[in-house]
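Student: Please pick one part of this model and take me through its packing closely. I would like the cut-offs along the way.

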Amino acid sequence: MICCIFVKSTFKLKTFIYKNTQISYSASGKGAALVFLHGFLENKNMWNSYVNFFESKYRVITIDLFGHGSSECFGYVHTMEDQADMVHALLSDLRIRKATLIGHSMGGYVALAFGELYPDQVKSLVLVNSSSRADSPERKQNRDRAIQVVKKNAKTFVSMAINNLFTDEAREQFQDQIDVIREEALQTSVQGIVASLEGMKVRNDREVLLHFGPYSKLVVTGNQDIIASEKEILDETKDAEVTTHILNCGHMAPLEKESELIQVLHSFLKKK
């Protein structure tokens, strides 16, 4: 398997100014639009293999969310609504009227916010290792603890956070790729990390969108994911018009099951 972060990209990186904030993104291909949104401490590079696969039939957009990758911070709290508004502004600038949004983890929270704010501009919504529910009181407390750790020693927090995204088996199998992911994540500013943690902590519960959102929906997670667990995902999607797919992996399905996830997405998109 080739990790997406090592695949040479054929698409061009571009910048977009949103409310005096520089946003880095890529755009390639022609056709129906696919927008890939990365997770916390990740960046648009994680989708390179997906871009290379889909750009022959789709117009593919990848975006560095606020404070991540090469995008600047927007403020001291990056709400999911702020992120969604930025994505909407970028798509409007690109004259994209309707798109499929594919979000991993935090990127899924942003996709859900977009789906609530701009439902008429969503063709399909795909959540990968991501929950539609708001943080529980316990998870909010964990976010607050994480913020305190970040302010004291961001490097230690990032290293631990990246390590905890993977199962023991995945850490052994993808060690080289994880090292690169960690090095890229370490470039994230303290403000960017804290603003994202604050934004995830206060995000709204959007489980209702899985039931009543006026677009097709796909939810993918791993049977070893301890963040968006199989049990939680199956509970969220019960009795909803949602296609669900459980992969044999942890929280980083885009890396751990890259080829399989690409095929899952390909099959889902072909039917739409």
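Tutor: Contact here means heavy atoms within 4.5 Å. The model is predicted, so to speak of a local feature takes pLDDT of at least 70 and a side-chain atom pair counts only at pLDDT 80 or more, while totals for chains, interfaces and linings use all residues. Residues are numbered from 1 along each chain as its sequence is written, and side-chain values use heavy atoms, without hydrogens or water.

With a relative accessibility of 1%, serine 132 counts as buried (under 20% relative accessible area; exposed is over 50%, partly exposed in between, with a 1.4 Å probe and protein chains only). Leaving aside residues up to four places away in sequence, serine 132 touches Leu112, Asn204, Asp205, Arg206, Glu207, Leu210 and Glu236.

Eight strands make an open, mixed sheet in the order β1-β2-β4-β3-β5-β6-β7-β8, where pairing takes at least two DSSP bridges. β1 (12–18) and β8 (243–247) are the edges, each with a single partner strand, so one side of each has no neighbour in the sheet. From one strand to the next, the twist averages 20°. β1 runs antiparallel to β2 (residues 21–28), joined to it by seven bridges; phenylalanine 16 has isoleucine 23 in β2 as its bridge partner. Helix α2 packs on this sheet, touching β1, β2, β3 (33–37), β4 (59–63) and β5 (99–104), and its direction makes about 115° with that of β1.

Helix α2 (residues 80–93) also packs with α3 (residues 106–117), at about 70° with axes 8 Å apart (axes are fitted to C-alpha atoms, for helices over the stretch in contact, and angles between N-to-C directions run from 0 to 180 degrees). The two helices are therefore roughly perpendicular. From α2, residues including Met80, Ala84, Val87 and Leu91 meet α3 residues including Met106, Val110, Phe114 and Leu117. By class, this contact has 10 nonpolar, two polar and two charged residues.

Valine 87 ties the picture together: beyond four places in sequence, valine 87 touches Val35, Leu37, Ile63, Leu65, Val110 and Phe114. In the largest nonpolar core, of 64 residues, Val87 is among those with the most contacts, along with Ile63 and Phe157. The largest share of that core, seven residues, comes from α3.

Conventions: Helices (H or I, at least four residues) and strands (E, at least two) are DSSP runs, numbered from the N terminus. Angles under 35 degrees count as roughly parallel, over 145 as roughly antiparallel, 65 to 115 as roughly perpendicular and the rest as oblique. Ala, Val, Leu, Ile, Met, Phe, Trp, Tyr, Cys and Pro count as nonpolar, Asp, Glu, Lys and Arg as charged, and the others, Gly among them, as polar. A nonpolar core is a set of buried Ala, Val, Leu, Ile, Met, Phe, Trp, Tyr and Cys residues joined through side-chain atoms within 4.5 Å.
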